Amino acid sequence: MTDLARFEARQRVRGAAVAAAALGGFALVYVFVYPTFADSLGADIDRLMEAYPEALSKAFGVESLASMEGFLASELYTFAWMLLVGLYFGYAGGSLVAADVEHGRIDMLLSLPISRARIVVEKFAALLVPLTALSVVVPAVVWAGTAAVGHPVDAADLLALHLLSIPYLLICGAVGLVASVVFDRASHAERASLGALAGLFFAESLLTGTDYAAAGAVAPSRYLDPNAVLLDGEYAVGDAALLLAAAGILLALAVGLFRRKDIE
Amino acid sequence: MPAIEVDGLTKDYGSVRANDGVSFTVERGEVFGYLGPNGAGKTTTIRTLMGFQSPTHGSARLLGHDVTDEAELLAAKRRVGYLPARPAFDETVTGREALDLHAAIKGDERREELLDRFTPPLDREIRAYSTGNVQKLGLVQAFMHDPDLVILDEPTSGLDPLLQRSFNDFVDAERERGLSVLLSSHVLSEVRRICDRVGILREGRLVTTERVAELLGRTGKLVRATVADDVDTGAFDLDGVHDCACHTTAGSDNRSEGEADDAPNDGAGRTDADGEAGARARTGPVTECQFTYTGDVNALVDRLDEHRLLDLDVEEAPLDEVFLRFYGSEGADDSD
């Protein structure tokens, strides 16, 4: 039933391991840098934040650097996780179908007694491999690391943040998937997906607090706030549900487009 | 219920009408050759049959199932094998892993037997495969689930002659077991041995479907005769001779027929250097005539017998010339 998904998932194991190791290492660096950073600046730490250009601090969600939680929420989670990992999923999604079309592999797949909808859904499902790897390794590293340096982060908050970010990363992958069934070249789909996701991310952060803030409502990053989770313990479950529903709609859109597509 | 029914199939790409009202039927147990020059629209028909693209007009059925209805198409695909013109697999997996995926989805009752015949290196990553090995892997996956119908797009491209013969023997044996086959090619000689019937496509239109035996009778032979004499095209003025061209050589200098009289010294100038070959050329003029022959072979042999032949070459006419002669816009008038 899920033979294609399992086949595709096996192809992703190595990449997922590399991504998890890289991001885990990245997270460790942040965690170990923080005590030195906090000690050297002491009570003046939030003055540094005020010196950040406003647009920049908004873009990277800098609210407070006076605690490990605030530091990680902005530096690790807003920048590395939401932006970089988000783009990684957008990129991976972009190649899901388009790469097979570009290299003619799709013919072999379509000749199998498997529906086009299944091909799209099972390929997308294979993204669960890197998603799971990252969502297990990174919080584990952060939890253990912050405890080791004496600034432990609340495990429940950390777990909640990672659970809430799953719909966010799924929607990034789904944006890539839609591009992947629209374009016949992987590079075009990847670029379209990266452009859309990066554009939405920065547009949302820049529009917040302006008269055009409502326009940022289409950006996925509007619906995930690491600061609220780690600093205030606020879990926006409704926002995550909204993201999940939107990811489902994008997946359905990709299926619909691919079912009508002429593979030439 | 025929294996394949194509009715008025038209595929319009906007700038090109790749298929224009194509209709044909492939019966159960029949091996049907779908022939035409490159760019004629063979692959377009095949891709439509496989449901990769939808027809602009017309309909197609595989084993009785309408290919434009996905549920019906899936039912058909369980019993259909397919080999694309340029088979491509995931390059990062081994041949075995690629076959395992196909097996999991469509079955592999005949995998081992096929691997004995076509022998791709199963444990090597496909990225390291040669074109021939990819083609072998493609053939294995096309037949491994013991399909009732196999659609092969240019199956013999990329196969060495030995393997091509093995493929031909295999298809012959499968036909005996009742397999239906549609295979495309732009080279008639490669597929005539295994096809019962062929359809010929030209610029998107099916110009004819006929039995191979009849087609071969009509396509004629390409005849190349080297005569030890100075003759002109009139020497082969027979019924069934087309496009006769003669070229006379006197001495060791290459001259065309019209120039043959006005340079008598050329041969003498090279006598010593040319040795035996030159000596033979100087014994008299030699004429090489080439033409396509569609008439009675006895009449041709009688006519050839009137000349002293230095060389004679008779081969099957290339398909492209056949197209031009019988189905081309100019050729249509003089094909009587």
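A:Asp100 is buried, because its relative accessibility is 6% (buried means under 20% relative accessible area, exposed over 50% and partly exposed in between, with a 1.4 Å probe and protein chains only). The side chain of A:Asp100 forms a salt bridge with that of A:Arg105, at 2.8 Å from N to O; a salt bridge is a side-chain nitrogen of Lys or Arg within 4 Å of a carboxyl oxygen of Asp or Glu. A:Arg105 is also buried, with a relative accessible area of 17%.

The structure is a predicted model, in which local features need pLDDT of at least 70 and side-chain atom pairs count only at pLDDT 80 or more, while totals for chains, interfaces and linings use all residues. Residues are numbered from 1 along each chain as its sequence is written, chains are lettered from A and ligands numbered from 1 in the order in which they are written, and side-chain values use heavy atoms, with hydrogens and water left out.

The model has an ipTM of 0.88 and a pTM of 0.83. For chain B the mean pLDDT is 85, and 85% of the residues reach 70 or more; pLDDT is the predictor's confidence in each residue, from 0 to 100. In residues 253-281 of chain B, pLDDT stays under 50, and the model has 23 contacts beyond four places in sequence for this stretch (contact means heavy atoms within 4.5 Å). The pLDDT is also below 50 over residues 329-336 of chain B, a stretch with 7 contacts in the model beyond near neighbours in sequence.

Over all chains, the whole structure contains 29 salt bridges. One of these pairs the side chains of A:Asp262 and B:Lys11, at 2.5 Å from N to O. This pair joins two chains, because A:Asp262 lies in the segment after helix H12 (237-260) of chain A and B:Lys11 in strand S1 (residues 4-12) of chain B. Helices (H or I, at least four residues) and strands (E, at least two) are DSSP runs, numbered from the N terminus. A:Asp262 is partly exposed, at 23% relative accessibility, whereas B:Lys11 is buried, at 6%.

Within chain B, the side chains of B:Asp100 and B:Arg111 meet in a salt bridge of 2.6 Å, N to O. A network of salt bridges links B:Arg110, B:Glu113, B:Asp146, B:Glu174 and B:Arg177.

B:Thr45 is placed in helix H1 (residues 42-49) of chain B and counts as buried, because its relative accessibility is 0%. With residues up to four places away in sequence not counted, B:Thr45 touches B:Leu9, B:Asn19, B:Phe24, B:Tyr34 and B:Leu201.

B:Thr94 is located in the loop between strand S6 (80-83) and helix H3 (95-106) of chain B. At 16% relative accessibility, B:Thr94 is buried. Apart from neighbours within four places in sequence, B:Thr94 contacts B:Leu122, B:Asp123, B:Arg124, B:Glu125 and B:Ile126. The C-alpha atoms of B:Thr94 and B:Glu125 are 4.0 Å apart, although 31 residues separate the two along the chain.
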